[in-house]
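Let us walk through this model one feature at a time.

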Amino acid sequence: MGRTPLESWNDGAAKQAIVGFVTSAATEGSPGFVAPRDRVAVFDNDGTLWTEKPAPVQTAFVLGKLAERLEADPSLARERPYRAIADRDESYFRALNDQDPDAVASMAEAVGAAWEGTTFGEFEAEAARYLASWRHERFGVPYSGLVYRPMLELFDYLRAYGWRLFVCSGGGRDFMRVICEDTWGLPRENVIGSAPEFAYRDGVLVRRAALHGPVALGPGKPEYVLARTGRLPGFAAGNDDVREYAYTDCAERARATAERSGWTTVSVKNDWNVVFTERFAQEKPSASHQ
C-alpha cells in the first residue's frame, strides 16, 4: 500500500499501533489477520470525529426546538426537561451529560414528541437550516470546520485496506445523516444512532414519538451495531481526555479501562500535528486547549 497517508499524525506509539494493526489485519497468515468480510470499523461521533464541547453540535438544535414548544405551551414547564429549560437548571443538564438514565429518558421523550408527525424531508430541511447557520461559540466557524482532520485521514487509510466504516452515536441518526456524505464521505446507511419509529400515514412516512430501540448510548451502541451490521467491529474508536477541551469527568476510569483492556489511546495534544479541517485552528494544541 506504500507510505501511510496519516500525515496529520505524529510518528509515535499511537500511529505505530494503528499502522501495525491495520497492516497485520490485511496480511494472510499473520496472527492479527482479519478476513475481509469482518473488517468492520465503528466510530463514535461527538468528541471523536468533531468537537463536542462546550456542547455537542446538535444540542442547540434540540433545545431550540423544545424552547419553541415551551413558548407556545407554557404548561409544559411542569415536566422535565421543559422545567429544566425554564429554570435554567444546570444540575439537570449535568445529569444529561453524565448519561443519567432518568435525564436521558425524559429528554428522549420530549425530543420524540417535538418532531412527531414530521416527514423525513421536513426534519432534514430543518436540520440543514440549523447547520448552515450554526457557529461554534469559541472558534466562530461552522460545524464542518470542527471535524478532526486526522480522523478523516484514518477513514481513508482504513478504506484503502478494505474496512467498511460506520458511525454509531448517541446523537440523532437522522441529524447526522444530513452531513455524513459531504463531511465524512460515508453513505447514509452507514450512520447508526438514536432514531424514532416511523409510521406510514396518508402515503408518507412520518416520525413517531417513540424511539426505535434504546438510546444509542453505553450498552445501546453495541446492540445497534450488531443489529445494523450483523457483526461486532474489528476496529472501534471513541474519544479521550486530552484534547482541544479537557475531558475530566470519568477520565481516570476511562484510562484504567484502556490500560486493562489493551486499547490504543490517542492524545490530541501529543499524537496529532493538525487538529481541525479549518485553517483557523491548525496550530498544535497548547496547554490552553487541553
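Start at aspartate 202, in the loop between β4 (196-201) and β5 (204-211). The model is a predicted one. Phi of aspartate 202 is near 50 degrees, a positive value in a residue other than glycine. Is this residue buried or exposed? Its relative accessibility is 82%, so aspartate 202 counts as exposed.

Arginine 88 also has a positive phi without being glycine; its value is near 55 degrees. Look for arginine 88 in the loop between α3 and α4. Its relative accessibility is 72%, so arginine 88 counts as exposed. Most residues other than glycine have a negative phi, and most peptide bonds are trans.

Lysine 53 and proline 54 are joined by a cis bond, with omega at about 0 degrees. Proline 54 lies in the loop between β1 (40-43) and α2 (59-72). Arginine 80 and proline 81 are likewise joined by a cis peptide bond; here omega is about 5 degrees. Proline 81 belongs to the loop between α2 and α3 (82-87).

Now step back to the whole chain. The protein chain has twelve helices and six strands. Of its 290 residues, 45% count as buried. Take the contacts between residues at least 6 apart in sequence: 67% of them join residues at least 24 apart.

Next, helix packing. How do α4 and α5 lie relative to each other? Helix α4 (residues 90-97) packs against helix α5 (residues 101-114) at an angle of about 95 degrees, and their axes are 7 Å apart. Angles of 65 to 115 degrees count as roughly perpendicular. The two helices, α4 and α5, are therefore roughly perpendicular to each other. On the α4 side, the contact is made by Tyr92, Ala95 and Leu96. On the α5 side, Ala103, Val104, Ser106 and Met107 take part. By type, the residues of this α4–α5 contact divide into six nonpolar, one polar and no charged.

The aromatic rings come next. A pair of aromatic rings is described by the distance of the centres and the angle of the planes. The structure holds 18 aromatic pairs. In one of them, the rings of tryptophan 9 and tryptophan 272 have centres 5.7 Å apart and planes at 75 degrees, so this pair is edge-to-face. Tryptophan 9 sits in the segment before α1 (13-25) and tryptophan 272 in the segment after α12 (268-271), so the pair ties together parts 263 residues apart in sequence. Both tryptophan 9 and tryptophan 272 are buried.

Tryptophan 272 also pairs with tyrosine 148. This pair is tilted, with 5.4 Å from centre to centre and 55 degrees between the planes. Tyrosine 148 lies in the loop between α6 (120-133) and α7 (149-160), 124 residues from tryptophan 272 in the segment after α12. Tyrosine 148 and tryptophan 272 are both buried. Which residues make up the cluster linked by ring pairs? They are Trp9, Phe139, Tyr148, Trp272 and Phe276.

Stay in the loop between α6 and α7 for leucine 146. Leucine 146 has 0% relative accessibility, so this residue counts as buried. Its C-alpha atom is 9.9 Å from that of arginine 135, eleven residues away along the chain.

End with a charge and a ring. The charged end of arginine 207 sits over the ring of phenylalanine 123, 4.1 Å from the ring centre.

Definitions and conventions: Residues numbered from 1 in each chain as written. Predicted model: local features only at pLDDT ≥ 70, side-chain atom pairs only at ≥ 80, totals over all residues. Heavy atoms only, no water. Axes fitted to C-alpha atoms, helices over the stretch in contact; angles between N-to-C directions. Helix = DSSP H or I, 4+ residues; strand = E, 2+ residues; numbered from the N terminus. Parallel < 35°, antiparallel > 145°, perpendicular 65-115°, else oblique. Contact = heavy atoms within 4.5 Å. Nonpolar A, V, L, I, M, F, W, Y, C, P; charged D, E, K, R; others polar. Phe/Tyr/Trp six-rings, centres within 6.5 Å; stacked < 30°, edge-to-face > 60°. Buried < 20%, exposed > 50% of the residue type's maximum accessible area, 1.4 Å probe, protein only. Lys NZ or Arg CZ within 6 Å of the ring centre and 35° of its normal.
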